[in-house]
Amino acid sequence: MAHGEPARSAARSQRGQATVELVAGLPALLLAAFVALQLLAAGFALTLADGAAEAGALALASGGDAAPAARDALPGWARAHAAVKVEGGRVTVRVRPPSPLDFLSRRIDLRSSAWVRKPG
């Protein structure tokens with residue numbers, strides 16, 4: 001054995017250990033990224049539901065139809081995953097956030113309501 005061989009062997013061993021740690025940690029990193037993106041999508045969908053409920057309540061206050069106004073306040077993808085309910089002066093908008101996992105999207109139900117006194 002030459003003088004520098006134990007040092008090279010130790011360096012190769014450390015590189016192998018780093019590769020194993022990277023491969024072992026990658027699923028956890030991907031899961032954390034997925035959870036973070038899903039939380040961002042849910043927050044964005046809730047913000048859209050808030051705005052749509054307010055738009056519906058404003059339309060109701062001015063004597064208009066709340067449901068179409070609330071739907072029109074949503075972008076196309078959210079409109080396809082939304083439901084609007086009008087009861088008296090309360091407008092409730094339910095939006096499902098986008099998700100690559102359909103079963104997860106169906107389980108997340110975000111609702112926002114706005115209330116207004118009806119004129120008259």
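β1 and β2 form a hairpin with two residues between them. Glycine 88 sits in the turn and has a positive phi of about 60°. Strands here, like helices, are DSSP runs numbered from the N terminus (E, at least two residues, for strands; H or I, at least four residues, for helices). The model is predicted: local features need pLDDT of at least 70, side-chain atom pairs count only at pLDDT 80 or more, and totals for chains, interfaces and linings use all residues. Residues are numbered from 1 along each chain as its sequence is written, and side-chain values use heavy atoms, with hydrogens and water left out.

β1 pairs with strand β2 (residues 90-95) in the antiparallel sense, over six bridges. Two strands count as paired if DSSP finds at least two bridges between them. Alanine 82 stands opposite valine 95 in β2. Alanine 83 has arginine 94 of β2 as its bridge partner.

Serine 113 lies in strand β3. Its relative accessible area is 40%, so serine 113 is partly exposed (buried means under 20%, exposed over 50%, partly exposed in between; 1.4 Å probe, protein chains only). Leaving aside neighbours within four places in sequence, serine 113 is in contact with Ala53, Arg90, Val91 and Thr92 (heavy atoms within 4.5 Å). The C-alpha atoms of serine 113 and valine 93 are separated by 6.3 Å, at 20 residues apart along the chain.

Aspartate 109 is found in the loop between α4 (102-107) and β3. Aspartate 109 counts as partly exposed because its relative accessibility is 36%. Residues up to four places away in sequence not counted, aspartate 109 touches Arg94 and Val95. Its C-alpha atom is separated by 6.5 Å from that of valine 95, 14 residues apart along the chain.

Leucine 22 is found in helix α1 (residues 5-61). Its relative accessibility is 56%, so leucine 22 counts as exposed. Leu22, Leu26, Leu29 and Leu30 make a nonpolar surface patch of about 420 Å².

Note on methods. Patch = residues over 30% accessible without salt bridge, like charges linked within 9 Å, V, L, I, M, F, W, Y side chains within 5 Å. Areas by Shrake-Rupley, 256 points an atom, 1.4 Å probe, with all protein chains shown as cover. Salt bridge = Lys/Arg side-chain N within 4 Å of Asp/Glu carboxyl O.
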